Amino acid sequence: MADYDVIVIGGGPGGYVCAIRCAQLGLKTACVEGRETLGGTCLNVGCIPSKALLHATHELHEAEHNFAKMGLKGKSPSVDWKQMQAYKQEVIDGNTKGIEFLFKKNKIDWLKGWGSIPAAGQVKVGDEVHNAKNIVIATGSEPASLPGIEIDEKTVVTSTGALSLGKIPKSMVVIGAGVIGLEMGSVYARLGAEVTVVEYLDAITPGMDGEVARNFQKILSKQGLKFVLGAAVQGVEVKGGKATVKYQLRKDESEATLEAETVLVATGRKPYTDGLGLEGVGVEMLPRGQIKTDAHWATNVTGIYAIGDAIVGPMLAHKAEDEGMAVAEVLAGKHGHVNYDVIPGVIYTTPEVASVGQTEEALKQEGRAYKVGKFSFMGNARAKAVFQGEGFVKLIADKETDRVLGCHIIGPGAGDLIHEICVAMEFGASAQDVALTCHAHPTFSEAVREAALACGDGAIHA
């Protein structure tokens, strides 16, 4: 029987970050993880491997479409899918081994196996029961499916199967026009697959700024992705290694089918809490399967906390990490805080799409007076030099106070550019504060400054 101050269940971004911070704050810590490697969905079958494939296929696109324009002549590269998969695995291994090293460095015990909570203050892993003053549930999420769809991870796949297909399909139907669907759809479109995205709503990327979403769809269409919007998928039938997707258009209830070699079901994710025994210890759950927590990530059972995808909020690795650090501070007797108004979201297609804070639609609904500063990347010298002049920066500020309320970027390096505005919002900055800050030339970041200038007397290069 080993005694711990904290046992974290789950070794994903929320769990491993929480464990490391707990150890740094002097708490005796263990982390339970049943996978062969640490890092959870994100590092093993999510964010990291998908970024590797996005990078590889972006380079292929550049070679096929832009190298000749730059005077780089020669035959376009052929795709060795096996080698691309090996490169992806190398990236995964490097990252997961890095976390293992950090556990050793911080003297965190990795309890290998799947954990359950037989009673408050106890965690069972295999046949062993460990005592803990506090337990943090960081078990993450799993792909959600639809009725009438059977996942086999070969022909009908989730994001997990889509990362490791046996071969590159000639055709693919993606069900769901969210982040995962569009990223993986982009990967296979660049590899030569005919990709059709079927979405229940009338716009892609639900919750995103409407103007950005419309432009994003136009750009992706130019890249070869096809879209069927306002369509409710009724089912998927697999025969002889081919799939038929049956859907109904919501506007007129007409039915249609699509055939493809592969179907990717990207209809979101749901909390993964199976086998934890939460019901037995009386942990309160919410109707959508999340664990109910208070403002300090505590459940209704003393000493049991929960973070990340298992609780309410955006299912993002960095949100889980923030909560992991914050709950560690709470357990160490300090003050843990997460600013949920400043959590950025990024889609890693080309161009990238990033956002933080309020959308115009949300502010209109709220009845808040605002102003918008916009700047196109066509006016940015660096973006044009790398064939990425499509897209824009849209900065939203309070009409009276000029305080930055949100930012939406579609363009090169958007996922990095957004953090300038995250920092600005954390400090309660005005659009003028951003506009008066010197930005190096030539950089993509100048477009952010120009959008801030557009909130005032006007952008220079527009």
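This is a predicted model: local features need pLDDT of at least 70, side-chain atom pairs count only at pLDDT 80 or more; totals for chains, interfaces and linings use all residues.

Biologist: How many helices and strands does the protein have?
Modeller: There are 14 helices and 22 strands. The radius of gyration is 23 Å, close to the 23 Å from the globule rule for 462 residues, so the protein is as compact as a globular protein of that length.

Biologist: And what does the C-alpha trace span along its principal axes?
Modeller: About 65 × 60 × 50 Å.

Biologist: OK, on to the inside. Which residues have the most contacts inside the largest nonpolar core?
Modeller: Those are Val8, Phe103, Ile117, Val136, Ile137, Ile291 and Ile304, in a core of 52 residues. Helix H1, residues 13-24, gives the largest share of this core, with 7 residues.

Biologist: Let's zoom in on one of them. What does Val136 touch?
Modeller: Leaving out residues up to four places away in sequence, Val136 touches several residues, including Val6, Ile7, Val8 and Ile9. Further along the chain, its partners include Tyr305, Ile307, Val327 and Leu331.

Biologist: Which residues are in the other core, the one apart from that?
Modeller: That core has 38 residues, among them Val45, Ile204, Ile219 and Ala266.

Biologist: Last one, charges. How far apart are the mean positions of the positive and negative ones?
Modeller: They are 4 Å apart, counting 45 positive and 55 negative charges.

Key
Residues are numbered from 1 along each chain as its sequence is written. Side-chain values use heavy atoms; hydrogens and water are left out. Helices (H or I, at least four residues) and strands (E, at least two) are DSSP runs, numbered from the N terminus. The radius of gyration is taken over C-alpha atoms; the globule rule is 2.2 Å times the number of residues to the power 0.38. Lys and Arg count as positive and Asp and Glu as negative; His and the chain ends are not counted. The place of a charge is taken as NZ of Lys, CZ of Arg, CG of Asp or CD of Glu. A nonpolar core is a set of buried Ala, Val, Leu, Ile, Met, Phe, Trp, Tyr and Cys residues joined through side-chain atoms within 4.5 Å. Buried means under 20% relative accessible area, exposed over 50%, partly exposed in between (1.4 Å probe, protein chains only). Contact means heavy atoms within 4.5 Å.
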